[in-house]
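Have the structure open while you read.

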Amino acid sequence: MSKTTIKSTLARRVWDSRGRPTIEVEITLRYGAKGRAIAPAGASLGIGEAVESRDGGDAFGGLGVEAAVATVNGEIAKTLKGRDAADQASIDKLLIAVDGTADKSRLGGNTMIATSMAAADAAADAHRMPLWQYLRDSNGQPAPTFLPLPEIQIFGGGVHAGGRVDVQEYMVIATGADSFAQALDWTAEVYRAAAGLMADKGMLQGVADQGGLWPNFNSNEEALELLMRAIEAAGLTPGQDISLSLDIAASQFGSKGKYHLARDGRTLDSDGLSGLLVDWIERYPIVCVEDPLAEGDKEGMIRFTWAVGKRVQVVGDDFLVTSAERIRARARDKACNAVLITPNQAGTLTETLAALSAARKAGFNAIASARSGDSEDVGIVHLATGWDIEQIKVGSITRGERTAKWNEGLRIAGALAALAGEDGNIDGPLPPAGTFPWGK
Ligand code: PGA
Ligand code: ZN
């Protein structure tokens with residue numbers, strides 16, 4: 001018996017940022033160390049994602065998690081009692097075996113990821129370390145040398161904004177920033193400037209699901225134009241200091257061959273949508289495009305990546321669903337060149353890490369990601385830093401569930417500086433030159 005032996009596993013129902021029930025798992029170890037994690041929830045789901053356990057019925061629109069809570073407090077608690085929380089691979093293997101389905105639908109992907117993450121968090125606590133540090137230390141790795149570069153939403157859209165525009169996320173990446181803190185500073189200025197410009201036009205109307213401004217635009221492209229003006233109004237240079245990034249989430253408005261852009265009043269085929277995005281890339285400083293085509297439109301993804309993949313990150317989210325197998329297959333096809341790493345799509349930490357190492361082998365860049373329905377849980381920032389993931393995407397720079405994560409990044413930056421003996425420097429270094437296609 002050791003300090004990382006699991007004594008008890010407990011679940012409770014808590015709330016996510018959309019006011020929906022979700023599950024929190026708390027694991028207590030033999031000598032009192034504790035860890036916990038809250039499952040996030042997506043709105044734009046990939047077909048191959050781990051399936052959530054939801055109660056159905058009338059309460060909370062069918063989104064209750066009573067069954068998931070009962071599963072943890074019964075079956076999972078019994079299975080994990082006496083196991084070693086520091087042996088993540090075995091914990092996750094057990095969860096997968098007990099679930100017994102290919103899509104994690106019996107226990108639920110939400111149940112499993114919260115349990116898996118809580119085990120890691122508890123093991124870190126037993127070592128009196130923050131999770132990012134424990135993830136390194138337990139592998140004999142030295143401290144991280146950088147924080148992930150933030151990718152931050154300015155306008156929401158798609159299913160996160162009632163379909164007001166079709167594109168799901170208009171984001172910025174501070175491609176010219178020298179530190180994590182500076183990337184946040186610049187983005188906050190851009191957000192303020194964008195809100196000011198919208199207010200001037202009488203277009204300001206609250207925020208979307210991830211804290212980005214509500215997209216009161218007459219076309220999908222108008223958002224890009226306003227974003228450019230906001231960057232300039234903030235005194236920054238588009239394409240140098242700040243570049244643009246889009247999550248098209250194309251599966252939400254079309255499938256192979258037929259994409260309906262309701263806001264623009266037109267329907268495009270795969271090459272038509274691809275052509276529209278290439279045109280935007282030529283006219284705006286866009287450095288990153290996520291899910292440009294639908295998850296089933298592999299041929300379209302291959303053609304798009306061929307056209308722009310040298311200068312732009314073509315990111316698979318729904319297209320890859322944080323699956324090692326899918327990353328390997330689609331890397332062979334050259335159907336994208338970067339991956340969103342979203343733990344609850346995979347369902348366990350071990351499978352998330354397997355997806356990351358498949359991405360590394362394929363030469364893909366990686367972006368650690370929260371979900372549109374999220375919470376104050378900051379585990380994703382620890383995974384990103386502890387695993388050397390070079391980018392992070394957790395929504396906008398407003399709303400507590402988002403700022404909880406940016407602020408945790410600042411704390412980790414401070415801790416890294418302290419470890420390096422640099423008193424007071426809390427800015428947080430960013431990934432080294434050569435990491436990204438845009439050069440810095
Ligand atoms: P989701 O949105 O959590 O609703 O899937 C995030 C994303 O698509 O990147
Ligand atoms: Zn996405």
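The shell around ligand 1 takes at least three residues from domain 1 (6-128) and at least three from domain 2 (149-439). Keep in mind that this is a predicted model. In total, 14 residues surround ligand 1. A43, S44, R371, S372 and K393 are the closest of them.

| Residue (side chain) | Ligand 1 atom | Distance |
|---|---|---|
| S372 | oxygen | 2.6 Å |
| D317 | oxygen | 3.0 Å |
| E290 | oxygen | 3.0 Å |

S372, with its polar side-chain atom 2.6 Å from a ligand oxygen, is also on the list of closest residues. As for cover, ligand 1 on its own has 280 Å² of accessible area, and the protein covers 98% of that.

Ligand 1 sits in the second largest cavity.

The largest cavity holds about 180 Å³ of space. Its lining is made up of 18 residues. If you want to find the spot on screen, go to I38, P40, P343, D377 and I380, which are the lining residues nearest the centre of the largest cavity.

Terms used: Residues are numbered from 1 along each chain as its sequence is written. Chains are lettered from A and ligands numbered from 1 in the order in which they are written. This is a predicted model: local features need pLDDT of at least 70, side-chain atom pairs count only at pLDDT 80 or more; totals for chains, interfaces and linings use all residues. Side-chain values use heavy atoms; hydrogens and water are left out. A residue is near a molecule or strand if one of its heavy atoms lies within 4 Å of it. A polar contact is a pair of N or O atoms within 3.5 Å; within protein, one must be able to donate a hydrogen and the other to accept it, and residues adjacent in sequence count only if both atoms are side-chain atoms. Accessible areas come from the Shrake-Rupley method with a 1.4 Å probe; for residues, only the protein chains shown count as cover. On a 1 Å grid over the protein atoms alone, a cavity is a set of points where a 1.4 Å probe fits but cannot get out, and a pocket is an open set with protein on both sides within 12 Å along at least five of seven lines; lining residues have an atom within 4 Å of a point. A molecule sits in a cavity or pocket if more than half of its atoms lie within 2 Å of its grid points. Domain bounds come from an automatic or database domain assignment. Grid points are joined across faces, edges and corners, and a volume is the space filled by probe spheres set on the points.
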